[in-house]
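Here are my notes on this one, as numbered points. Have the structure open while you read.

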Amino acid sequence: MHTGLRRITGLLLAVVMAALVVATTASAATARAGVGAASAPACVLPKPTEDDTISIIGRICDTREKPPAPVAGVSLTVVDDTGKPIGKDTTGADGTFAIALPGTTIDNLGKTFKVKVDEKTLPEGAALRNPKDVTRPVTVNLDNDVSVTFPVGELSAEEGVGTQGLQLLVGGIVFSVLLAMAALGLSMIFGTTGLTNFAHGELVTFGALVAFFIDQLPGEIRIGGANVTIVVGVVVAFIASAAFGYLQDKALWKPLRSRGTGLIAMMIVSIGLSIFLRSLFQYLAGGQTHNYSQYSAVQPWSVGPILVTPRDLIVAALGVAVLVTVSLLLTYTRMGKATRAVADNPPLASSSGINVERVIAVVWTGGAALAGLSGVLLGITQGFDYQLGFKILLLIFAAVVLGGLGTIWGAMVGAFIIGIFIEVSTLFVPAELKFVGALVVLIVVLLIRPQGLLGRAERVG
Amino acid sequence: MDWQSILSQALQQGLGPLAAVYCLAAIGLNVHFGYTGLLNFGQAGFMAVGGYTMASVVATWGLSFWLGIALGLLLTVLLALLLGVPTLRLRADYLAIVTIAAAEIIRQTVGSVSLLKWFGGQDGLQAFSTDFRSLNPFDGPLDLGIVTWRANDAWVLVVGWVLVAVSCLIVWLLMRSPWGRVLKSIREDEEAVRSLGKNVYAYKMQSLVIGGLFGALAGFIIALNSAAINPSFFATDITFFAYTVLLVGGAARVLGPVAGAIIFWFLLSFLDLFFRDAAATDIIPQSIMTQNQASLIRFMFMGIALMLLMIFRPQGIFGDRKELALDAR
C-alpha cells in the first residue's frame, strides 16, 4: 500500500497499543481492590405466606455494601387511599418487614395503599436511593402478598448544582472525545469527496461489533497473566474498521465517483447501505443491548467531589491521544497536507500533482478506523446494540455542521461543544430530552451561521 | 411451503392500508424531491405532526375528530414554514440534515415523559378513532376473492386509496400548470429561474408546504389504521422507506408513488413470509437463520435494492431519466 497510509495507521496503532497496556494494568489493580466485605447477612425478600389475607412485605437494603446489607430499625406505615393509617412495622435485623392488611383478600383486591418510610429512623448519612420513594403507592392485583424493596444509598441532598455540573462535565468530555473521533471521519470524507455519508453510523457500530465477536470467542486471551481479551478486541476492531473503510471505498464509492454518479444519488446510496448494514448487524448480534465481558462494572474513584471510573479516564486519554496524533499527522506529514489540500479544492490539488484518489483512499481508511475505534470505546463505556452508531449519527452531523461541514478542526470543536452541551444540559432539561437540545442547537446554528463556526461562507454555495 | 397463502398475504399487504400510507408519504416527497429537487428527509416529522395533532385533539382534549384533522393540517403548514425559513436558502445536503433532525426532535418530544399527559409518552394515544369507525359502511369483511380484509381495515383502506387518488389528481393538475413548470425548472436550474424574475424561495416554500400536507394525510391514516399512535410509527427509517417507495416507482411521475407503494409492500411482505416460512419449516436450518432473524432479511434486501436502484436506474421503473437531474450542484 501507500507509505502515507501505512505511516498514519502505524502511528495510530502505536498510540492505541500504548494506551491499552495502561488500561489493562489499571483495571487489574481495581479488580483486586473490589474483593472483600462479604461477611454481612444477605438482604433477601421474606417469603410470602400462603393464607387468605394479604400482607405488604418487603425489605430495606443498603446498596452501598456489596452484597447489599439489611437495614434494621426503620419504621414503616401503611395508609389506605383516604390517608388513614392501617398498620405499621419496624424492620428487623434481616431488614425485612411485614404489615398485614385488615380484611380478607377479596376486600383488598384492586385497592391502592401507600407505604410510608419514616426517614428519621434511617441510619445517619443514609437516604433512600430514590427520594420519591418516601411514600410508595402499592396496588393489590393478585391474591398474593405484595412485596416492595427500598434501596438505601448515600444521602444525596447535599450535592449542589456545582458538583452535579462538574460531574456531568466530566461525563460530557468523555463522550465528546468519542464523538469527535466519529465526527472527524465524517467531516474528512465529506471534505474530500463531497459525500454526506448516512452510513457513517454503521462504521461506528462495526467497530463495537468486531470487538464483541472477539469477546464472544471461547476462552480468554492472556498476556503475562492479565486478561486482555477486550484490549485485543479494541486493536482488532481498529484494524478491521480501517480495512472495512478501505474496501468500502474501493468496492463501492470509488466506482461510483468514476462513473460520475451525483452527490445526492450517492447520499441515497449511503442510506441504502445504512439500512442494509443495520439489518445485517441485527441479524448477527441480535436486538438486545450487549456489554463486553470486562470493564462493564468498574468501581469509581472519588476525585474531589466527583466520581470518575478509571475506565472512563483511560478511554478519554486514549481518545485524546488519538485525536492529537491525527491532528499532528494532518498538520505536518505530506499526506496530511495533501488531505487538507484536497478538502480545500480537489481540482486544484489534482492539478498541482496530488494523487486525489490516493488521498481519498487514505481518508476513507483513516476515517473508518477512527469511527470504529470510537464505536468500541462507546461500547466499553456505555454498552451497545446494533443501532449504536445510528442513534448518534444525528449528533455526529450536529457536531460536524456546528464546526463547519468539511473542516477538520471544526469537527473536533463541534463535537466537544455538542458532547458537553448534551450532558450538562440535563441539569436544566429532563435527561430524555438531551438529544433534542443538541438537535435544536444544530438548527439554530444553521439559521445564524450556516457555514459553521470554523467554515468559510462559500462552502454553503 | 404454501405459495398460495404467501402470495395472497403479500398481495393483501401490497394493496392494504399501510401501502396507502406510504403512497401518500411518497406523493409528498414526490412534490418535494421529484418535482422541486428539495431533499426532505423529515417526512416522518410531517406525518407525526398530522397524526399526533388529530389523536391528541380527540383523545386528550376530547374535541371533535374533524377539528383534529383541520388542526393537524394547520400545524403541518406551520411546521413547513418553520423548517423552510432557515433551510431553503441552504444547499441540498444541509436541508437533508436539518429536516431529519427536525423529525427526530418532534418524535422524541412527543414521546417524552414530561409531556406524558398530552401525548402518552412511549405508549402513545388510543381511543381517538370512534368517530372515524362509526362512519364505516362495511359491516362485514371485504372479500375480493383472493384477498380479504376485516371491516375496519377495509374502511381505512378505502379512505386511504381515495385520498391517494385525490392527491394524485391534485399533483397532476398542479404540475401541468405554469406553477408546476416553475417548480420543475427550479429543480433543473435554480439560477436560470431566478434570472427570469421568479421568487425561487417562495416557490420552494409553497412546495414544502404542499408536500408536507400529503405527509400529514399519511400521518392521519397510519394512526387510524392501528387505532393507536406512538413515537415508533415515525422513526427516521419511515422517511427512508417512503423514499424507496418513490424511487421504485419513479420520481417526478404522478403515478410513480402508487406503483412504488404496491410493489414495495408486496415484495417486503413476500420476502418476510417466504423467509419466515423457510426458517420455520427448516428449509433453511435453525443454526443459520432463526425465526427472528428471518424477518430481517427483507430489510437487507431493501437496503441493497435502494442502492442498486440509485446506481443503475435512478429514474425507477416508470420514470424518465431525462426528467431527473438528481444532482442540483
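In what order do the four strands of the open sheet in chain A come? Before the answer, some housekeeping: this is a predicted model, in which local features need pLDDT of at least 70 and side-chain atom pairs count only at pLDDT 80 or more, while totals for chains, interfaces and linings use all residues. Residues are numbered from 1 along each chain as its sequence is written, with chains lettered from A and ligands numbered from 1 in the order in which they are written.

1. **The sheet in chain A.** The order is S4-S3-S6-S8, with antiparallel pairing. Strands here are DSSP runs of E with at least two residues, helices are runs of H or I with at least four residues, and both are numbered from the N terminus. Two strands pair if DSSP finds at least two bridges between them. Strand S4 (85–90) and strand S8 (135–139) of chain A each have a single partner strand and stand at the edges, so one side of each has no neighbour in the sheet. On average, neighbouring strands of this sheet are turned by 25° against each other, direction ignored; the axes are lines fitted to C-alpha atoms, and angles run from 0 to 180 degrees between N-to-C directions.

2. **How buried is S8(A)?** A residue is buried if 20 or more other C-beta atoms lie within 10 Å of its own, exposed if 12 or fewer, and partly exposed in between, with C-beta atoms placed from the backbone. Of the five residues of S8(A), the number buried is zero, so this strand lies largely in the open.

3. **One face of a helix.** Helix H8 (residues 334–344) of chain A has A:Met335, A:Gly336, A:Ala338, A:Thr339, A:Val342 and A:Ala343 buried. Looking down the axis of H8(A), these buried residues fall within an arc of 160°, so they line one face of the helix. That arc is the one spanned by the directions from the helix axis to the C-beta atoms. As background, an α-helix has 3.6 residues a turn, so residues three or four places apart point the same way.

4. **A:Phe390.** This residue sits in helix H11 of chain A and counts as buried because it has 23 C-beta neighbours inside 10 Å. Leaving aside neighbours within four places in sequence, A:Phe390 is in contact with A:Gly201 and A:Arg278, where contact means C-beta atoms, placed from the backbone, within 7 Å.

5. **Where the chains meet.** On the chain A side, 36 residues are in contact with 39 residues of chain B. Helix H6 (263–285), helix H11 (388–403) and helix H13 (434–448) of chain A each supply at least two residues of that side, and H6(A) gives the most, with 15 residues. The chain A side divides into 28 nonpolar, seven polar and one charged. Nonpolar means Ala, Val, Leu, Ile, Met, Phe, Trp, Tyr, Cys and Pro; charged means Asp, Glu, Lys and Arg; the others, Gly among them, are polar.

6. **Chain B overall.** Chain B has 14 helices and four strands. Its radius of gyration is 20 Å, close to the 20 Å that the globule rule gives for 329 residues, so chain B is as compact as a globular protein of that length. The radius is taken over C-alpha atoms, and the rule is 2.2 Å times the number of residues to the power 0.38. Of the 329 residues of chain B, 51% count as buried.

7. **Two backbone spots to check.** B:Ala127 has a positive phi of about 55° although it is not a glycine, and B:Ala227 likewise has a positive phi of about 55°. B:Ala127 lies in the loop between strand S1 (125–126) and helix H7 (130–134) of chain B and is exposed, with 11 other C-beta atoms within 10 Å. B:Ala227 lies in the loop between helix H11 (200–226) and strand S4 (228–229) of chain B, and counts as partly exposed with 17 C-beta neighbours inside 10 Å.

Key: Two residues are in contact if their C-beta atoms, placed from the backbone, lie within 7 Å.
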